Amino acid sequence: MAVERPLSPHLQVYRPQLTATLSILHRITGLLLSLGGTLLVGWVLILAQGPDHHEHLQAFANGSIVKWLVCAGFYVFVFSLVYHLLNGIRHLVWDAGYGLDIPSAYRSGWAVVVLSIVITALLAWRAMNGGAA
Amino acid sequence: MSLQTPLGRVRGLGSAREGVAHWSAQRVSAVLLLPLSIWFLSCVLPVLGQPYSDARVYVAQPMNAFLLLTFMLALIYHALLGVQVVIEDYIHTRWLEVGLQVAIKLIAFLAALATAFALIRIVLGA
């Protein structure tokens, strides 16, 4: 039934560019945040269930190998949220019709990269000094 | 006069006339999520690792519970709209595409209900 036609963006013929990379990163972080949001629902549910369930969760999260996975997953989630938030602002500005020329798109792109890394690092620093990650 | 080909018309191709509403809902929820995400990152993040009693006391505060509920409902809605487009773009096997589209809507619906029930329970102290 369906007519087989070639799909349009032939990505393999392009040199990787900042704008395209940030665009796909926006999607990837969005998917990760959907996953993280689902886990957040689980956390709220466990919080409502009572201290016993929460103890199980913390015991699980503090397991020797799981601990590193939870920690890594947590920072992937934080970076994803920071990046998606900043790049989302970039997208909203574009939607309003500003900053669409190529030099501006690169400037705002690099600004998003630098700010995401700095803000994620600051949040990690605060978590380590506050003891709660 | 339509420029659509007869073949296209027979196959039911063309605009579903839902694109603008989807596009705008994605952006309105994004604007709502801007301040809420900043609040989540600065205030709620440390609570995630806290012991049960501290975390529960924090979430039980009416304003925190309200902000968390708003954040999570907006997040679930925004995520549903986004994941829908990702599936449309990349999944070309028809049965899998339809299955996933139905699945994400059910998951989003259940997640929103579960969040609301859990937060109401925490605030009322049951």
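In the predicted model examined here, the secondary structure of chain A comprises 4 helices and 0 strands, where helices (H or I, at least four residues) and strands (E, at least two) are DSSP runs numbered from the N terminus, and the order along the sequence is α-α-α-α. The radius of gyration of chain A, taken over C-alpha atoms, is 20 Å, well over the 14 Å that the globule rule gives for 133 residues, so the chain is more spread out than a compact globule; the rule is 2.2 Å times the number of residues to the power 0.38. The C-alpha trace of chain A spans about 55 × 50 × 30 Å along its principal axes. Buried residues, defined by 20 or more other C-beta atoms within 10 Å of their own, with C-beta atoms placed from the backbone, make up 20% of the 133 residues in chain A.

Residues are numbered from 1 along each chain as its sequence is written, and chains are lettered from A and ligands numbered from 1 in the order in which they are written. Because the model is predicted, local features need pLDDT of at least 70 and side-chain atom pairs count only at pLDDT 80 or more, whereas totals for chains, interfaces and linings use all residues. The mean pLDDT of chain B, the predictor's confidence in each residue from 0 to 100, is 93, with 98% of its residues reaching 70 or more, and the model scores ipTM 0.89 and pTM 0.89.

Between the chains, 28 residues of chain B are in contact with 29 residues of chain A, contact requiring C-beta atoms, placed from the backbone, to lie within 7 Å. On the chain B side, helix H2 (19-44), helix H3 (52-60), helix H4 (62-90) and helix H5 (94-124) each supply at least two residues.

Helix H4(B) has 29 residues and reaches 41 Å from its first C-alpha to its last, close to the expected 42 Å, which is 1.5 Å times one less than its number of residues. Among its buried residues are Phe71(B), Met72(B) and Ile76(B), and the cover over the buried residues of H4(B) includes helix H1 (18-49) of chain A together with H2, H3 and H5 of chain B.

Of the 32 residues in the largest nonpolar core, Val44(A), Leu47(A), Met72(B) and Ile76(B) touch the most other members; such a core is a set of buried Ala, Val, Leu, Ile, Met, Phe, Trp, Tyr and Cys residues joined through C-beta atoms within 7 Å. The largest share of this core, 8 residues, comes from H4(B).

Key. Two residues are in contact if their C-beta atoms, placed from the backbone, lie within 7 Å. A residue is buried if 20 or more other C-beta atoms lie within 10 Å of its own, exposed if 12 or fewer, and partly exposed in between; C-beta atoms are placed from the backbone.
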